[in-house]
Amino acid sequence: MPQSRKNPSARLDPRKPLVFSTLDLGRSPGSEYAQQRTVPAPAYVEAGLVGVAEGSDVELDVRMEAVSEGVLVTATARAQVTGECARCLEPVSEPVEVQAQELFAYSADDGQADAEGYSLQGDLLDFEPVLHDALVLALPLAPLCQEDCPGLCVECGMPLAQAGPDHGHGPAIDPRWASLQQAASRLGSPGAGGSELDEADMNGNSRRAPSAGEPDD
């Protein structure tokens, strides 16, 4: 995941879409400059089941204002969040809009960044880490495909929204009898060479018919 504070020794590339020039702004306090861009989403904008796909379009409205300490940047970003529903795991897609504001301090030592904040490098500023953090904080922790999503069937895992109101299963079988029931089903099937086990067989209370030559009780 990218660091929230960029390496101060790294030189900024003015061709990158999230690097902004303040040259037209000047350094007179109170001067403003606004710009709109469509930029690619930063990497690792993820939280749990959802995220903003890296490289997907982010609409960005930026206003830069010169203040005595540096350049105050205020931005509104709009992106598309995609992922899975927290209840039924069906795909979800919804728009998100975030606001972010950050002060980029003037560099007293040719681009050396303040360890506690952001700094300009000459006339350039890198808005990518600010945008990244704002988008991550706006992601829903438990996204839903719809507000009343009923989730999954606990028996078969089918989404209940698709199964319908008549969806159901037979009575639960005690796992201690599951093997015996399977054996009974095999014995009762055609050509199995045996008779179906009835309830008395399962309880161990049935009587065996006497064979030839044995006295009948």
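In which strand is the place of aspartate 126? Select that residue to begin: aspartate 126 sits in strand β9, which covers residues 124-126, strands being DSSP runs of E with at least two residues and helices being runs of H or I with at least four, both numbered from the N terminus. The model on screen is predicted, so local features need pLDDT of at least 70 and side-chain atom pairs count only at pLDDT 80 or more, while totals for chains, interfaces and linings use all residues. Residues are numbered from 1 along each chain as its sequence is written, and side-chain values use heavy atoms, with hydrogens and water left out.

**Stop one: aspartate 126**

Aspartate 126 counts as buried because its relative accessibility is 11%, where buried means under 20% relative accessible area, exposed means over 50%, and partly exposed lies in between (1.4 Å probe, protein chains only). Its side chain reaches the backbone nitrogen of glutamate 128 at 3.1 Å.

**Stop two: the whole chain**

Zoom out and colour by secondary structure: the chain has four helices and nine strands, and along the sequence they follow the pattern β-β-β-β-β-β-β-β-β-α-α-α-α. Of the 217 residues, 27% count as buried. Among contacts (heavy atoms within 4.5 Å) between residues at least 6 apart in sequence, 57% join residues at least 24 apart.

**Stop three: the nonpolar core**

Next, select Leu60, Leu125, Phe127 and Leu131, which have the most contacts inside the largest nonpolar core, a group of 38 residues. Such a core is a set of buried Ala, Val, Leu, Ile, Met, Phe, Trp, Tyr and Cys residues joined through side-chain atoms within 4.5 Å. The elements that give two or more residues to this core are β5 (57-66), β6 (70-84), β7 (91-105) and α1 (128-138), and β6 gives the most, with six residues. Centre the view on phenylalanine 127, which touches Leu18, Phe20, Leu60, Val73, Ala75, Ala100 and Phe104 when residues up to four places away in sequence are not counted.

**Stop four: the salt bridges around arginine 78**

Which residues are linked with Arg78 in a network of salt bridges? Show the side chains of Glu59, Asp61 and Glu97 together with that of Arg78, and the network is in view; a salt bridge here is a side-chain nitrogen of Lys or Arg within 4 Å of a carboxyl oxygen of Asp or Glu. Begin with glutamate 59 and arginine 78, whose closest N and O atoms are 3.4 Å apart; this pair links strand β5 to strand β6 across 19 residues of sequence. The salt bridge from arginine 78 to glutamate 97 has its closest N and O atoms 3.9 Å apart, and because arginine 78 lies in β6 and glutamate 97 in β7, the pair ties together parts that are 19 residues apart in sequence. Arginine 78 is partly exposed, with a relative accessible area of 27%, and glutamate 97 is partly exposed at 47%.

**Stop five: threonine 82**

Staying in strand β6, select threonine 82, which is partly exposed with a relative accessible area of 37%. Leaving aside neighbours within four places in sequence, threonine 82 is in contact with Leu49, Val50, Gly51, Val92 and Ser93. The C-alpha atoms of threonine 82 and leucine 49 are separated by 8.6 Å, although these residues are 33 apart along the chain.

Notes:
A polar contact is a pair of N or O atoms within 3.5 Å; within protein, one must be able to donate a hydrogen and the other to accept it, and residues adjacent in sequence count only if both atoms are side-chain atoms.
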